[in-house]
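Biologist: I am new to this protein. Could you show it to me, and then take my questions as they come?
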Amino acid sequence: MVEWTGKQFAYQQVADDLRRRIAGGEFTETGQLPSYGDLQKAYGVTVTVARAAINQLKADRLVVSHQGKGVFLTADADQAAAQLADPVGTLTELREEVDKLRTEVGELRQRVATLEGN
């Protein structure tokens, strides 16, 4: 459940909690998020807030909606949600990957220099 902080709009807090739940794999089995009505009950919000939260997840490309069917996760929603939920962790991973690539490029340059020298 979301603790209302008053520091963000309600829809942002609901969207943040849904991102966290998506990243945790909570909706993976069915691939479907709760209905607007279920979100209203679970979070104690209006349908407008529930829709705005889902629209935020759509903007993040975590979900797609099908009229009359519901809201469904995209193929890589769990990974994307994890990145959105932990941008610092994502930056750390990117830095590590860049460092690894720099090392590999340096090794390749040395090999090329050795081959060109012979």
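Modeller: Let me begin with a term: a contact means heavy atoms within 4.5 Å. Among contacts in the protein chain between residues at least 6 apart in sequence, 50% join residues at least 24 apart. This is a predicted model, in which local features need pLDDT of at least 70 and side-chain atom pairs count only at pLDDT 80 or more, while totals for chains, interfaces and linings use all residues. Residues are numbered from 1 along each chain as its sequence is written, and side-chain values use heavy atoms, with hydrogens and water left out.

Biologist: How many helices and strands are there in the protein chain?
Modeller: The protein chain has five helices and two strands. From the N terminus on, their order is α-α-α-β-β-α-α. Helices (H or I, at least four residues) and strands (E, at least two) are DSSP runs, numbered from the N terminus.

Biologist: What percentage of the residues count as buried?
Modeller: Of the 118 residues, 25% count as buried. Buried means under 20% relative accessible area, exposed means over 50%, and partly exposed lies in between, with a 1.4 Å probe and protein chains only.

Biologist: Now the strands. In which sense do strand 1 and strand 2 pair?
Modeller: They pair in the antiparallel sense, over four bridges; two strands count as paired if DSSP finds at least two bridges between them.

Biologist: Which residue has a positive phi although it is not a glycine?
Modeller: That is Arg61, with a phi of about 60 degrees. Arg61 lies in the loop between helix 3 and strand 1. Arg61 counts as exposed because its relative accessibility is 66%.

Biologist: Back to strand 2. Which residues are on its covered face, and which on the uncovered one?
Modeller: Val71 and Leu73 make up the covered face, whereas Gly70 and Phe72 are on the uncovered one.

Biologist: Is Phe72 buried, exposed or partly exposed?
Modeller: Phe72 has a relative accessible area of 23%, so this residue is partly exposed. Leaving aside neighbours within four places in sequence, Phe72 is in contact with Gly31, Gln32, Leu62, Val63, Val64 and His66. The C-alpha atoms of Phe72 and Pro34 are separated by 9.2 Å, and these residues are 38 apart along the chain.

Biologist: Let us go inside. Which residues touch the most other members of the largest nonpolar core?
Modeller: In this core of 21 residues, they are Leu18, Ile22, Leu33, Ile54, Leu57 and Val63. The elements that give two or more residues to the core are helix 1 (10-23), helix 2, helix 3 (47-59), strand 2 and helix 4 (77-85). Helix 3 gives the most, with five residues. A nonpolar core is a set of buried Ala, Val, Leu, Ile, Met, Phe, Trp, Tyr and Cys residues joined through side-chain atoms within 4.5 Å.

Biologist: What does Leu33 touch?
Modeller: Not counting residues up to four places away in sequence, Leu33 touches Ile22, Phe27, Ile54, Leu57, Val63, Val71 and Leu73.

Biologist: And Asp78, where is its place?
Modeller: Asp78 is in helix 4. Asp78 is partly exposed, since its relative accessible area is 35%. With residues up to four places away in sequence not counted, Asp78 touches Ile22 and Ala23.

Biologist: Last topic: how much space lies in the largest pocket?
Modeller: About 180 Å³ lies there. Of the 14 residues that line this pocket, Tyr36, His66, Lys69, Gly70 and Val71 are the closest to its centre. Helix 2 (36-43), strand 1 (63-66) and strand 2 (70-73) are the elements that give two or more residues to the lining. On a 1 Å grid over the protein atoms alone, a pocket is an open set of points where a 1.4 Å probe fits, with protein on both sides within 12 Å along at least five of seven lines, and lining residues have an atom within 4 Å of a point. Grid points are joined across faces, edges and corners, and the volume is the space filled by probe spheres set on the points.
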